[in-house]
Amino acid sequence: MFGYVMVNWETLSQEERKRFRAYYCGLCRALGNRYGATGRLALSFDMTFLAALLSSLYEPETRQGRGRCVVHPNKPHDYLENPFMDYAADMTIALAYHKALDDWRDDKKLSGKSQARLLHARYRRIEALYPRQLAAIRQAMEQLNALEKENCQAIDPPVNASGAMLGEIFVYKKDMWSDTLRQTGSALGRFVYLMDAYDDLEADIKKGRYNPLTAMSQGPGFEEQIRDYLTLLLGEGAVAFEQLPLVEDLSILRNILYSGVWTKYQAIQRKRAEEEAKG
């Protein structure tokens, strides 16, 4: 479900690219330090955005380092270290655990079962640290599984479940910014779920898998409806996002929220246009 909160590299300056890579490498490093090589495999731009957003909002003491890693052994890279890198790493593992359970439950993938077993003890430690966030993840996943079993073809229930999950993850702690962060995360979570369903639609129909867009896709004006819905969700997220007193890395965060998240959609459109041209 994740992998849609992208950065638009083409519209970033060289310094901004370097800065975002430092966040990305910082999250990768945090995952490796806290969860080993298995943790690094769950690295995503989605949680990198969260780490950057919370760092910009709360302005923690941040250490900048430079070093090599297993992925890039020959060339050193800049990285950032602060408590929000660790938090984003913990949330990454919590989400990876539930994805592994889903892979085993839905498709009986042995890799999912093995990964869930491997992550179980770590998941329990994260649950002890962040019970509110993990309760929200668990509840959302249960709702999504139930809706899938029902073959729910109303888009709002699964979209809202995803939004509630990411909204709670965006709230690092309860303070004056909790509601605004929750609104930002909720809108982004709903956008991500809808994008994922749209991306997988053709493959899901061919393989007979659940997709809440299946029925809607057979009606008139489907493409326009999806585009409008995605735009509406990002608009809601942007309204909340702009209320946060962000200064550092604001241009990078805006790049992701206003441009980067559309790169996957544009790639899907190009692919489908090419396929139609081929006949």
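Q: Helices here are DSSP runs of at least four residues, H or I, numbered from the N terminus. With that settled, which element supplies the largest share of the lining of the second largest pocket?

A: That is α1, with six residues. Keep in mind that this is a predicted model.

Q: What is the volume of the second largest pocket?

A: About 340 Å³. The lining has 17 residues.

Q: Which of them are closest to the centre?

A: Cys25, Cys28, Cys69, Val71 and His72.

Q: How does the lining of that pocket divide by class?

A: Ten residues are nonpolar, three are polar and four are charged.

Q: Switching to cavities. How many of 30 Å³ or more does the structure hold?

A: One. The largest cavity has a volume of about 40 Å³.

Q: Which residues line the largest cavity?

A: Phe2, Val5, Asp46, Met47, Phe49, Leu166, Phe170, Leu188 and Val192.

Q: Which one gives the most?

A: α2, with three residues.

Q: And how many residues of that lining are nonpolar, polar or charged?

A: Eight are nonpolar, none are polar and one is charged.

Q: Now helix packing. At what angle do α7 and α9 pack?

A: About 160 degrees, with the axes 7 Å apart. Helix α9 covers residues 222-241.

Q: Roughly parallel or roughly antiparallel?

A: Roughly antiparallel. Angles over 145 degrees count that way, so α7 and α9 fall in that group.

Q: Is the α7 and α9 crossing left-handed or right-handed?

A: Left-handed.

Q: Which residues meet there?

A: On the α7 side, the residues include Ala187, Leu188, Phe191, Leu194 and Met195. On the α9 side, they include Phe222, Ile226, Tyr229, Leu230 and Leu233. Leu188 also lines the largest cavity.

Q: What is the class count for that contact?

A: The contact of α7 with α9 has 15 nonpolar, four polar and three charged residues.

Q: What about α7 and α11, how do they cross?

A: At roughly 15 degrees, with axes that come within 11 Å. That makes α7 roughly parallel to α11. The crossing is left-handed.

Q: Who makes the contact between α7 and α11?

A: From α7, Met195, Tyr198, Asp199, Leu201 and Glu202. From α11, Lys264, Tyr265, Ile268, Gln269, Arg272 and Glu275.

Q: How do these divide by class?

A: Five nonpolar, one polar and five charged.

Q: Last topic. At what angle do α9 and α10 cross?

A: Roughly 165 degrees, and the axes come within 11 Å. Helix α10 spans residues 250-258. That makes α9 roughly antiparallel to α10.

Q: Left-handed or right-handed?

A: The crossing of α9 and α10 is right-handed.

Q: Which residues of α9 meet which of α10?

A: Leu234, Gly237, Ala238 and Phe241 of α9 meet Leu250, Leu253, Arg254, Leu257 and Tyr258 of α10. By class, the contact has seven nonpolar, one polar and one charged.

Technical notes:
Residues numbered from 1 in each chain as written. Predicted model: local features only at pLDDT ≥ 70, side-chain atom pairs only at ≥ 80, totals over all residues. Heavy atoms only, no water. 1 Å grid on protein atoms, 1.4 Å probe; cavity = no way out; pocket = protein on both sides within 12 Å on 5 of 7 lines; lining within 4 Å. Points joined across faces, edges and corners; volume = space filled by probe spheres on them. Helix = DSSP H or I, 4+ residues; strand = E, 2+ residues; numbered from the N terminus. Nonpolar A, V, L, I, M, F, W, Y, C, P; charged D, E, K, R; others polar. Axes fitted to C-alpha atoms, helices over the stretch in contact; angles between N-to-C directions. Parallel < 35°, antiparallel > 145°, perpendicular 65-115°, else oblique. Left-handed = near helix turned anticlockwise from the far one by under 90°. Contact = heavy atoms within 4.5 Å.
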